[in-house]
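Please open the model in your viewer and keep the selection tool at hand.

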Amino acid sequence: MGSCGTWAWQELLVLLSSVWLWVGSGQPTPPGSTHPPGPQLKFRLAGYPRKHNEGRVEVFYNDEWGTICDDDFTLANAHVLCRHLGFVAATGWAHSAKYGKGIGRIWLDNVNCAGGEKSIGDCKHRGWGNSDCSHEEDAGVICKDERIPGFKDSNVIETEQSHVEEVRLRPVVSGARRQLPVTEGIVEVRYKDGWAQICDEGWDSQNSRVVCGMMGFPAEKKVNRNFYKLASKSQPKQKRREDVGSKKRLFTERQQLNYRLHSVSCTGTEVHLSMCAFEFYRGNASAACGAGMPAVVSCVPGPLFATGNAHKKKQRQQQQSQPRIRLKGGAKVGEGRVEVLKSSEWGTICDDRWNLLSASVVCRELGFGSAREALTGARMGQGTGPIHMNEVQCLGTEKTLWSCPFKNITQEDCKHTEDAAVRCNIPYMGYETLIRLSGGRSRFEGRVEVAVGAGDGDQPRWGLVCGEGWGTLEAMVACRQLGLGFANHGLQETWYWDASNVTEMVLSGVKCAGHEMSLSHCQHHGTSLNCRNTGTRFAAGVICSETASDLLLHAPLVQETAYIEDRPLHMLYCAAEENCLSSSARLANWPYGHRRLLRFSSQIHNNGRADFRPKAGRHSWVWHECHRHYHSMDIFTHYDILTPNGTKVAEGHKASFCLEDTECEEDVAKRYECANFGEQGITVGCWDLYRHDIDCQWIDITDVKPGNYILQVVINPNFEVAESDFTNNAMKCNCKYDGHRIWVHSCHIGDALSEEANKRFEQYPGQLNNQIS
């Protein structure tokens, strides 16, 4: 019988969240060192959830443990600290208490190392104990998992005593073993090279809620404990044969149970089991948990991951009432900038006091599990419009973020550079096992190969995807399924090396909306393959990227600058060459007469996390002699005048005469300039201004009759360049034209309003998106 630990649970929690990495006497000192003896410093990694080579940095100074503030923190600081901890170097660092908030003193602030210092004390800083930070700004490090030769100390996580890192649900119902996601099963924790169970004595719904949150599910449900006793006991073979015929067939194979934890006590708001109080079994635990059995949990999946009738019912409920919260700008499902709906207008949340408790309320409200990360500093790109909430302080039990205490915003409080974001736990679906890349120069690019016929235990057959019709939206789904972020390019022809010897086309006609989790969710030809060119050269390929740009139009400027000009035909020869006039202009009596033009300025911002670059390289840009400039994109924007029922009555387009940084936010340097055949693009934090008085910055409305219309501008309409969010690429305005003057009003980004407000604006069904349906 394994004996229970004698430590109080508070002491266990301290051990759980901290791994002591004593350095004072263990770090090798070069021979002949003559440094004068100073205060003995010790270092450790702490926090949750984490691996052994990462965590919150804690330093022991003046007989007291404390943390380091993330202000001005750099990779060079992380290098010095990782060497203190016995690792050769750092690979990254974390801010905003990613590994949880420490306690006690904040010993160091504004640390500035060159990277070669022998001690963190040799780096520039404000002085020991002199800080203006809170523990919400505790710094962490990610060290390279390679030890310094000869380094001797106990800075390796003691999994035997004080750590719970990986948790899983092991299904025992036969059908559930093949079906994903796994929503019910025995809770197991990683132990050494295998898995161990948790004794369910004292186990309650709060514990189950925490486990379900970790597994990506928003809620837990009651489980039939007696049903699982069959699977948890070692039974005679004859008895097991009788059980096979039961209503739900169980895998009751003989298994030696290995209990690891007992007396687990969660409050239900923790984001990881390691944050709960519990005790470890010591020694031989195989005979432990005499009156109990392994803890079993059953979870309720969110609408996105539900199957069958429950899935359809939840989808209908979602369609009937628009949610008041959403995620934008994330590469993966379950991550993004948090936006909330207030007074029919979407807005963002300021990151002041943003933490995992509030982030978990968001995640569960959206049908995901608990939060993995609460991100600050517009890490998922900057939003637009109002900032609706600040200093959100959830307890973690709320059903909706609006139930949490928060402060209203004044303009001085926050900017969009402080937009809060989340990364949620989502269920494991195994989609990434059905796709792979081959032949690329890095793991982020290559020819797309998909697995078909992998059901019912059959070996999957790998094949290629036909490149016909393959574009950015399809590539976005492929990169998401691969877990590689966004798509930089969708390639219809690939010249990659045939690294895997896969030559057969197995998928064609793929057409995605861009939000799908897997290529199998997109439209395609199914088993009736239809591909004109079946050679490997014509297979689809992708180049993925962890970040992407995000363009949007400054709507108020359009409203402020719109006016009508009657421009003489003799001044429009170059514009006609660029196809910037309506088709009736070809029938005009050139050079006599005029065209009526609706002119306005366009200010296009890049609010994403990567520069917006034209798809074509400069070698393929087209020179236009009349305007004497290069086009890097033939169609950069669409301009349309629509009737209230969605019919186009006038349309125009604007080539990328020149993509460049006209102006930038403070502290952002311009990178792109068109002069002298310079590089074209729009830097993150900059904008490109097309003034109302340049050619083609208009819509030809000569043939438009007086009436009420909608002005629509769509940026990057053909999805030529990948962006993190295409739903904000359109801007719409109401306009009234009396035959002589025009009034433009109510300009807004296409997804800035609630569905109800959009319907009121448009007054007709069918254009709830940014594109004309």
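The tour begins with the whole chain and then moves through a set of selections.

**Before the first selection**

This is a predicted model, in which local features need pLDDT of at least 70 and side-chain atom pairs count only at pLDDT 80 or more, while totals for chains, interfaces and linings use all residues. Residues are numbered from 1 along each chain as its sequence is written, and side-chain values use heavy atoms, with hydrogens and water left out.

**Stop 1: the whole chain**

Select the protein chain, which has eleven helices and 41 strands. Helices (H or I, at least four residues) and strands (E, at least two) are DSSP runs, numbered from the N terminus. Of the 773 residues in the chain, 53% are buried. Buried means under 20% relative accessible area, exposed means over 50%, and partly exposed lies in between (1.4 Å probe, protein chains only). Among contacts with a separation of 6 or more, 71% are between residues 24 or more positions apart; a contact means heavy atoms within 4.5 Å.

**Stop 2: helix α3**

Select residues 205–215, which form helix α3. Nine of the eleven residues of α3 are buried, so the helix is largely enclosed by the rest of the structure. Among the buried residues are N207, R209 and C212. Which elements cover the buried residues of α3? They include β9 (167–170), β10 (184–191), β12 (219–221), β13 (259–265), β15 (296–300) and α7 (356–365).

Now select D204 and Q206. At the start of α3, a side-chain oxygen of D204 reaches to within 3.2 Å of the backbone nitrogen of Q206. G216 follows α3 and has a positive phi, near 100 degrees.

**Stop 3: strand β34 and its partners**

Select residues 637–642, strand β34. Is β34 largely enclosed or largely open? Five of its six residues are buried, so β34 is largely enclosed by the rest of the structure.

Two strands pair if DSSP finds at least two bridges between them. Within this pairing, H638 has H653 of β35 as its bridge partner. The hairpin of β34 and β35 has five residues between the strands, and G646 there takes a positive phi near 95 degrees.

**Stop 4: the nonpolar cores**

A nonpolar core is a set of buried Ala, Val, Leu, Ile, Met, Phe, Trp, Tyr and Cys residues joined through side-chain atoms within 4.5 Å. Select F600, F636, L711 and M731, the residues with the most contacts inside the largest core, which has 35 residues. At least two residues of this core come from each of β28 (551–553), α9 (555–561), β34, β39, β40 (730–737) and β41 (742–749). A second, separate core of 30 residues includes A331, I435, A540 and A548.

**Stop 5: aromatic pairs**

How many aromatic pairs does a search of the whole structure find? The search finds 13. Rings of Phe, Tyr and Trp (its six-membered ring) pair if their centres lie within 6.5 Å; planes under 30 degrees apart count as stacked, over 60 as edge-to-face and the rest as tilted.

Select F636 and Y690. Their ring centres are 6.3 Å apart and their planes are at 45 degrees, so the pair is tilted. F636 lies in the loop between β33 (629–631) and β34, and Y690 lies in strand β37 (residues 686–690), so the pair ties together parts that are 54 residues apart in sequence. F636 counts as buried at 0% relative accessibility, and Y690 counts as buried at 3%.

Move to F719 and F726, whose ring centres are 4.8 Å apart with planes at 75 degrees, so the pair is edge-to-face. F719 counts as partly exposed at 23% relative accessibility, whereas F726 counts as buried at 14%. Finally, select Y61, W107 and W128, which ring pairs link into a cluster.

**Stop 6: an open sheet**

Select β28, β31, β37 and β36, which in that order make an open sheet of four strands with antiparallel pairing. β28 and β36 (663–664) stand at the edges, each with a single partner strand, so one side of each is left without a neighbour in the sheet. Strand β31 (residues 602–606) and β37 pair over four bridges, and I604 stands opposite D688 in β37.

Terms used
Polar contact = N/O pair within 3.5 Å; in protein donor to acceptor, adjacent residues only side chain to side chain.
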